[in-house]
Amino acid sequence: MDYKEFEKKISYSFNKKSLIKKALNHTSSHKNNKSGKKNKRENITLEFIGDAVLELASREYLLKKYKTLSVGDISKIKTRMVSDKTLSFFAKKINLDKFVKIAKTKEPQRRNMDAVLAATMEAVIGAIFFDSGLESAKKFVRYKIFLPFTKNKDLIREDFKSIFQEKYQKIYKKPPEYFVVDEKGPPHNKTFIIELIHSGQTLGRGIGKTKKEAEQKAAEKALTFFKKK
């Protein structure tokens, strides 16, 4: 394997190159013998530590970024941010799917690559932790997962919309209503303006190239409604 190419992709240079191999050899690739069991345990250990770093770093990051949200709301965003689907998404961004080694005969693993890539991402985080400590591992997840996640408006605003809907339905026993108040531009390039209205009061207004995007923006702004209650 070209370690330099891998290190370039993750923007981190290992002091102990052996950790790269341990992180990228998925548990399915190890033989069922003494040596294989030892290597498998090492990989699982890296995943275990990587998961712990993700838990700590994600809570710290989100609490600082969203100071007005409740701990419960932040927990919902955290769950999505460190899910297998999200980790796999960003693993592909650094071409981890091209570097990970899995057993050729393990067809179930190949069909469930999201889980494989998520586990490998955790192992890489664990490897960085063992190589140079917690701060380096936190820096990696901040720049390769957390910042891209919170900058991805579709990902993060979907959370705001679900958080608002859950709060609203809990109080009013019905889903919130979104109204298209204006559409601008030609049919092939429309801009939608949507308002989230409750009892004649506009709780939030969103503008987007799709109705979904505009609704998500409106919901994000409308969350302040519950802080006043």
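**Notebook: aromatic pairs, core and sheet**

I searched the whole structure for aromatic pairs and found seven; rings of Phe, Tyr and Trp (its six-membered ring) pair if their centres lie within 6.5 Å, and planes under 30 degrees apart count as stacked, over 60 as edge-to-face and the rest as tilted. I note that the model is predicted, that local features need pLDDT of at least 70 and side-chain atom pairs pLDDT 80 or more, and that totals for chains, interfaces and linings use all residues. Residues are numbered from 1 along each chain as its sequence is written, and side-chain values use heavy atoms, with hydrogens and water left out.

I looked up Tyr-61 and Phe-146: their pair is tilted, at 5.4 Å centre to centre with 35° between the planes. Tyr-61 sits in helix 3 (residues 34-65) and Phe-146 in helix 9 (residues 134-151), 85 residues apart, so I record a link between distant parts of the chain. Helices (H or I, at least four residues) and strands (E, at least two) are DSSP runs, numbered from the N terminus. Both Tyr-61 and Phe-146 are buried, that is, under 20% relative accessible area, with exposed over 50% and partly exposed in between (1.4 Å probe, protein chains only).

I then took Phe-89 and Phe-90, whose ring centres are 5.0 Å apart with planes at 85°, so the pair is edge-to-face. Phe-89 is partly exposed at 38% relative accessibility, whereas Phe-90 is buried at 5%. In helix 5 (residues 84-93), the buried residues are Thr-86, Leu-87, Ser-88, Phe-90 and Ala-91. I also recorded a ring cluster of Phe-164, Tyr-168 and Tyr-172.

Of its 60 residues, Met-121 and Phe-164 touch the most other members. Helix 8 (residues 113-132) gives the most to this core, nine residues. Domain 1 (3-155) and domain 2 (160-226), with bounds from an automatic or database domain assignment, both give residues to the core, so it lies between them. Beyond its neighbours within four places in sequence, Met-121 is in contact (heavy atoms within 4.5 Å) with residues including Leu-87, Phe-90 and Ala-91.

Last, I traced the sheet: three strands form an open antiparallel sheet in the order 1-2-3, where strands pair if DSSP finds at least two bridges between them. Strand 1 (177-184) and strand 3 (201-208) are the edge strands. Seven bridges join strand 1 to strand 2 (residues 191-198), and Phe-179 stands opposite Glu-195 in strand 2.

Key: A nonpolar core is a set of buried Ala, Val, Leu, Ile, Met, Phe, Trp, Tyr and Cys residues joined through side-chain atoms within 4.5 Å.
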